[in-house]
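Please look over the sequence and the model below before reading on. The text that follows is meant to be read with the structure open.

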Amino acid sequence: MSEDDTALSVGELVEYCQTQARLLWGRVETLDEETDEILTEIDDDIADVRTRLDEHSAGSGSATDDTDELEALESELEERQAVAEAKQARRTAFQELASAYLELAEDLDASVDDGEEALTSIVHFEHEHDAPAYFEDRQTILEAASDSTSTPNE
């Protein structure tokens with residue numbers, strides 16, 4: 001097999017970048033759904049707390065029991081809010097990387113004619129953006145390149 005048989009074209013590498021971006025956008029959508037679910041639960045719990053406070057103000061229930069229960073609920077709400085904020089931060093990171101992959105694809109398509117140059121650009125891009133950290137179930141070109149240079153006899 002000659003080197004030309006295994007070389008990737010610029011078009012194939014542009015398609016790779018676009019595929020990576022689509023996968024990242026899918027993760028953004030999943031994180032959006034998960035965050036929305038958490039925020040809905042928080043809203044429901046806040047409405048419940050308000051109802052309890054209204055009932056407490058009306059004079060029903062033990063103040064000590066209600067206070068302890070409300071403090072526990074407040075702590076739980078704060079924890080879920082922190083989870084929602086973390087998901088939103090991850091969503092933003094995934095979104096930014098997806099956009100960057102699309103920009104890279106456009107740049108490669110518009111200004112690169114050599115597959116090796118495009119491949120080098122992708123390796124540098126993925127290293128700079130720590131792309132492997134975003135793809136748990138998929139190997140990036142950076143990882144493939146690292147594997148091929150670290151174990152040449154396998």
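What follows is a walk through contacts between helices, then a loop, then the surface.

The model is a predicted one.

Start with the charged contacts. Over the whole structure, a search finds five salt bridges. In one of them, R91 and D32 meet through their side chains, with 2.3 Å from N to O. Because R91 belongs to helix α3 and D32 to helix α2, this pair ties together parts that are 59 residues apart in sequence. R91 has a relative accessible area of 22% and so counts as partly exposed. D32, at 26% relative accessibility, is therefore also classed as partly exposed.

Another salt bridge joins the side chains of E34 and K87 at 2.7 Å, N to O. Here E34 sits in helix α2 and K87 in helix α3, and the pair links parts of the chain 53 residues apart. E34 is partly exposed, because its relative accessible area is 27%.

A further bridge runs between R80 and D45, whose side chains meet at 1.9 Å, N to O. R80 is in helix α3 and D45 in helix α2, so parts that are 35 residues apart in sequence are tied together by this pair. Are R80 and D45 buried or exposed? R80 has a relative accessible area of 17%, under the 20% limit, and therefore counts as buried. D45 is buried as well, because its value is 18%. Both residues belong to a network of salt bridges that links E41, D45, E76 and R80.

Next come the aromatic rings. The whole structure holds four aromatic pairs, according to the search. Y16 and Y101 make an edge-to-face pair, with 6.5 Å from centre to centre and 80° between the planes. Y16 is classed as buried because its relative accessibility is 12%. For Y101 the relative accessible area is 0%, so Y101 is buried.

Y101 also pairs with F135: the ring centres are 6.3 Å apart and the planes stand at 80°, which means the pair is edge-to-face. F135 lies in the loop between α4 (115-128) and α5 (141-150) while Y101 is in helix α3, so this pair ties together parts 34 residues apart in sequence. With a relative accessible area of 7%, F135 is buried. Y16, Y101 and F135 form one aromatic cluster together with F125.

The loop between α4 and α5 also contains D130. What is the phi of D130? D130 has a positive phi of about 50°, although D130 is not a glycine. Most residues other than glycine have a negative phi. D130 is partly exposed, because its relative accessible area is 46%.

Back in helix α2 is E15. The C-alpha atoms of E15 and A105 are 7.5 Å apart in space, while the two residues are 90 residues apart in sequence. E15 counts as partly exposed, because its relative accessibility is 49%.

Last comes the surface. D68, E71, E74, E78 and E79 form a negative surface patch.

Notes. Residues numbered from 1 in each chain as written. Predicted model: local features only at pLDDT ≥ 70, side-chain atom pairs only at ≥ 80, totals over all residues. Heavy atoms only, no water. Patch = residues over 30% accessible without salt bridge, like charges linked within 9 Å, V, L, I, M, F, W, Y side chains within 5 Å. Areas by Shrake-Rupley, 256 points an atom, 1.4 Å probe, with all protein chains shown as cover. Salt bridge = Lys/Arg side-chain N within 4 Å of Asp/Glu carboxyl O. Lys, Arg positive; Asp, Glu negative; His and termini not counted. Charge placed at Lys NZ, Arg CZ, Asp CG, Glu CD. Phe/Tyr/Trp six-rings, centres within 6.5 Å; stacked < 30°, edge-to-face > 60°. Buried < 20%, exposed > 50% of the residue type's maximum accessible area, 1.4 Å probe, protein only. Helix = DSSP H or I, 4+ residues; strand = E, 2+ residues; numbered from the N terminus.
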